[in-house]
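Subject: A structure for you to explore

Hi there,

Here is the structure I promised to pass on. Have a look around first, and then read my notes below.

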Amino acid sequence: MKQLVLLVGTLDTKGEEYLYIKSLFDELKIPSSLIDVGIMPHDVSCDVTGAEVAGIAGYDIEELRRTGDRGQAVKAMMEGLMRIVPSLYETGKVAGIMGLGGSGGTALLTPAMRTLPNGVPKIMVSTIAEGDVTPFVGDSDLIMIPSIVDIAGLNQISRVVFRGAVQAMAGMIGCENTLAEDDCEKKPAIAATMYGVTTPCVTRARKLLEENGFEVVVFHASGNGGRTMERLIDVGAFCGVLDLTTTEWCDELFGGIMAAGSHRNEAASRVGIPQ
C-alpha cells in the first residue's frame, strides 16, 4: 500500500513548521519525506536538499545564493521540484503531497503538486487560500486550506490548522487519523502583522516577546489576514497587538486587492488592549 507523503517547502524559513507536521505524521505512523526548496543554509535534516532540487534543473545553489536574485531562485527551485515530484511518484510509493506557504511559497509549490494525477491527495496550506485560487489549483484536484494566520512559527492557531491538514491527508490516503490531544502550554498571546519587507522586524520582535513568555500569532497582511485578526481581537484571543504592517490601508484607500475593510485597527481600542 502506498503511504509515503511528500512534504515540500522552504526549510530555510519554515523548518520549525515542517518538523512539527512531520512529527504528526510520525505519530500516526505514516512515512513522510521532506523536500527542501529553500536556497539558504539551515540545520533541518531533509531527504532531498535544496542543492539537489536546484541541481536537477541545471542550477548551482551557491550561485543562486551569491546573486541574491529571488526571481531566479524561485524559477530554479520550481523547475527542479517539477522534475523531482513526478520521478518520486513513479517509484510507486507516494500516496500524497503537502506544502505550506504564503503567496510566494504557494506559487512555487503548487505547479509541482499539479503534476501528480487526479486522485493523488494534494494539500496546500496557504495564507492566500481565501481568495481566487484558480492560478494555483488550475484544473487539478488540489485542496487549498486557509492557514488563518501567517506561517511564521507555531502557535495556538497554527497548530490547530496544521493538525487538521495532517488528519485530512491521513484520512484521504486511508490511514488512521486520530491524533492525541495537543497539550502545549497556553501562553498570553500577542497578535502581529507581517508582509514582505516587515518580516525581519516582526521576526526580531517575535523572538524578544517569546523570550519574555508570550506567544506571538502572526497574521499575513493580505486583507483576509487583517480581517481575521480584528475578529479574533474582538473575541478576546489576544492580550496585545503588534500591528507593524498596515499595508491593508493602502489597498483600502487606493483600490488595491488586499484591503481589510474600513474598520481595520479598531478592535484593540474596543476591547481595551495595548496596540
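This is a predicted model: local features need pLDDT of at least 70, side-chain atom pairs count only at pLDDT 80 or more; totals for chains, interfaces and linings use all residues.

Arg159 is buried, with a relative accessible area of 7%.

Helix H1 (residues 11-27) and helix H7 (residues 158-172) have their axes 10 Å apart, at an angle of about 45°. That angle makes H1 oblique to H7. The crossing of H1 past H7 is right-handed. On the H1 side you will find Glu17, Tyr20, Ile21, Leu24 and Phe25, which meet Arg159, Phe162, Arg163, Val166 and Met169 in H7. Sorted by class, this contact has seven nonpolar, no polar and three charged residues.

Now for the other salt bridges. The structure holds 13 of them. One joins Lys122 to Asp141, with the closest N and O atoms 2.5 Å apart. Lys122 lies in strand E4 and Asp141 in the loop between helix H6 and strand E5, so the pair ties together parts that are 19 residues apart in sequence. Lys122 counts as buried, at 0% relative accessibility, whereas Asp141 is partly exposed at 32%.

Another salt bridge brings together the side chains of Glu248 and Arg264 (2.7 Å, N to O). Glu248 is in helix H10 and Arg264 in the loop between H10 and H11, 16 residues apart. Glu248 is buried at 1% relative accessibility, and Arg264 is buried at 3%. Both belong to a network of salt bridges that links Glu230, Asp243, Glu248 and Arg264.

Glu230 leads us to helix H9 (residues 224-234), where the buried residues are Gly225, Gly226, Thr228, Met229, Glu230, Leu232 and Ile233. What covers them includes strands E6, E7 and E8 along with helices H10 and H11. Just after H9, look for Gly236, which takes a positive phi of about 85°.

Enjoy exploring!

Best wishes

Note on methods. Residues are numbered from 1 along each chain as its sequence is written. Side-chain values use heavy atoms; hydrogens and water are left out. Axes are lines fitted to C-alpha atoms, for helices over the stretch in contact, and angles run from 0 to 180 degrees between N-to-C directions. Helices (H or I, at least four residues) and strands (E, at least two) are DSSP runs, numbered from the N terminus. Angles under 35 degrees count as roughly parallel, over 145 as roughly antiparallel, 65 to 115 as roughly perpendicular and the rest as oblique. A crossing is left-handed if the near helix is turned anticlockwise from the far one by less than a right angle, and right-handed if clockwise. Contact means heavy atoms within 4.5 Å. Ala, Val, Leu, Ile, Met, Phe, Trp, Tyr, Cys and Pro count as nonpolar, Asp, Glu, Lys and Arg as charged, and the others, Gly among them, as polar. Buried means under 20% relative accessible area, exposed over 50%, partly exposed in between (1.4 Å probe, protein chains only). A salt bridge is a side-chain nitrogen of Lys or Arg within 4 Å of a carboxyl oxygen of Asp or Glu.
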